[in-house]
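Reader: Could you show me the structure, and then take me through some questions about how its residues are placed?

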Amino acid sequence: QVQLVESGGGLVQAGDSLTLSCAASGRTFSNLYIGWFRQTPGKEREFVAAVGPNGGVFYSNSVKGRFTASRDNSKNMAYLQMTSLKPEDTAVYYCAAGDGIYFEEMYDSWGQGTQVTVSS
């Protein structure tokens, strides 16, 4: 498995930007999908974005046009750049590694999560 550690969460205002980072170690990173999911209390974890081994990117409709997922295989890093943040983006964000794309069952390695809070 891959070990993943997210960072970059915090408290921001609506309209602000924030970039999350995901550092990977262990198993080969470059041939895996890196997914981003989020979860709020009382709700199921939901897909946000994913970036494939060849750089293809996939987004949920709720973040398309505002979030950008990327990766740097040379550094074993993945990123989620979030712009025009809204209060409804408030959640714990997780990065995950696996065979992707949209379903969490396709990912077998998960980070511990990082809290993003967007105030109105």
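This is a predicted model: local features need pLDDT of at least 70, side-chain atom pairs count only at pLDDT 80 or more; totals for chains, interfaces and linings use all residues.

Reader: How many residues does the largest nonpolar core have?
Author: A nonpolar core is a set of buried Ala, Val, Leu, Ile, Met, Phe, Trp, Tyr and Cys residues joined through side-chain atoms within 4.5 Å, where buried means under 20% relative accessible area, exposed over 50% and partly exposed in between (1.4 Å probe, protein chains only). Those with the most contacts inside the largest core are Trp-36, Val-48, Phe-67, Leu-80, Met-82 and Tyr-93. The number of residues in this core is 28.

Reader: With which residues is Leu-80 in contact, leaving aside its neighbours within four places in sequence?
Author: Contact here means heavy atoms within 4.5 Å. With those neighbours left aside, the residues in contact with Leu-80 are Leu-18, Thr-19, Leu-20, Trp-36, Val-48, Ala-49, Phe-67, Thr-68, Ala-69 and Tyr-93.

Reader: Is Asp-89 buried or exposed?
Author: Asp-89 is found in the loop between S8 and S9, strands being DSSP runs (E, at least two residues; helices are H or I, at least four) numbered from the N terminus. Because its relative accessibility is 1%, Asp-89 counts as buried.

Reader: Which side chain does a polar contact of 2.8 Å join to that of Asp-89?
Author: A polar contact is a pair of N or O atoms within 3.5 Å; within protein, one must be able to donate a hydrogen and the other to accept it, and residues adjacent in sequence count only if both atoms are side-chain atoms. The contact of 2.8 Å joins it to the side chain of Arg-66.

Reader: With which side chain does the side chain of Ser-60 make a polar contact?
Author: Ser-60 has its place in the loop between strand S6 (57-59) and S7, and it counts as buried because its relative accessibility is 12%. At 3.0 Å, the partner of its side chain is the side chain of Ser-62.

Reader: Is Met-106 buried or partly exposed?
Author: Met-106 lies in the loop between S9 and strand S10 (107-110). Since its relative accessible area is 38%, Met-106 is partly exposed.

Definitions and conventions:
Residues are numbered from 1 along each chain as its sequence is written. Side-chain values use heavy atoms; hydrogens and water are left out.
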